[in-house]
Amino acid sequence: MTQKNQYIVSNWKMNGTKKFLDEAVHAWQQSASKANWIFCPPATLISYVKDHFSGITLGGQDCSTKVSGAFTGEISAAQLADVGATYVIVGHSECRQYHHDTNADVAAKANAALKAGLTPIICIGESEETYTSGETLLFLKQQLNESLVGVQGDFLLAYEPIWAIGTGKTATLDDIKHVHSFLRDQLSVVPLLYGGSVSAENARAILAVENVDGVLVGGASLKIVDFTAILKSSKDSNEC
Ligand code: PGA
């Protein structure tokens, strides 16, 4: 069987220090041989990983729409590239919620990333209200169209239902299959990731769903044993 190229993105959010990172990355380096592991620690740790470990693909968790200037607290895509990142997450629901990133901002960030030579990991996802009212696909179509304005270049797309993020409420495999087949119709060759309460227990089943090319992992990526299992799920699901 041909091997599927699966991406395992770990998003540490605002967690982690050098001490924990040393312990965790040593453990995970052993497991990451086949999966495309993209590690997104806080920006403060990117160059530390680059300097102390080899062969780890790194990503930022967000970037500015701007190139440089008086934007206190922001980090440009070029600065992420400068310290060793090759990917950057944009449009995460926490940035949409807490920083009020609009779809236009997300598109501008994705464009800024591509310009700086980074591959954006563009996140979309519906609220619980949209999900329960059965309007998920309609909502995602608009979010997708608006978040991709001007985007020309390679990117990854992560479908992350907001109600599944950090809640322990994963979307059902049927839901994931349904949404991913819709997304595949829109984007024939873009790697499609699922995110939202991915765990050591459910990763293997999610990675086996049609049109799922990887997972974006938050909480479980801070647990050494659990994330080792997730990396291994991906490896195992490639071996048939
Ligand atoms: P979670 O987070 O795995 O903790 O639900 C996913 C994410 O925020 O990308």
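How many nonpolar, polar and charged residues does the shell around the ligand have? By class, this shell has 4 nonpolar, 6 polar and 2 charged residues, where Ala, Val, Leu, Ile, Met, Phe, Trp, Tyr, Cys and Pro count as nonpolar, Asp, Glu, Lys and Arg as charged, and the others, Gly among them, as polar. The model is predicted, with local features needing pLDDT of at least 70 and side-chain atom pairs pLDDT 80 or more, while totals for chains, interfaces and linings use all residues. Residues are numbered from 1 along each chain as its sequence is written, and side-chain values use heavy atoms, without hydrogens and water.

**View 1. Surroundings of the ligand.** Residues around the ligand (a heavy atom within 4 Å) include Lys13, His92, Glu160 and Gly219. An oxygen atom of the ligand lies 2.6 Å from a side-chain N or O atom of Lys13, and an oxygen atom of the ligand lies 2.6 Å from a side-chain N or O atom of Glu160. The protein covers 96% of the 280 Å² of accessible area that the ligand has on its own (Shrake-Rupley method, 1.4 Å probe).

**View 2. The second largest pocket.** The ligand takes up the space of this pocket (more than half of its atoms within 2 Å of the grid points), whose volume is about 250 Å³. Among its 21 lining residues, Ser197, Val198, Gly218, Gly219 and Ala220 are the closest to the centre. A pocket is an open set of points on a 1 Å grid over the protein atoms alone, where a 1.4 Å probe fits, with protein on both sides within 12 Å along at least five of seven lines, and lining residues have an atom within 4 Å of a point.

Conventions. Polar contact = N/O pair within 3.5 Å; in protein donor to acceptor, adjacent residues only side chain to side chain. Points joined across faces, edges and corners; volume = space filled by probe spheres on them.
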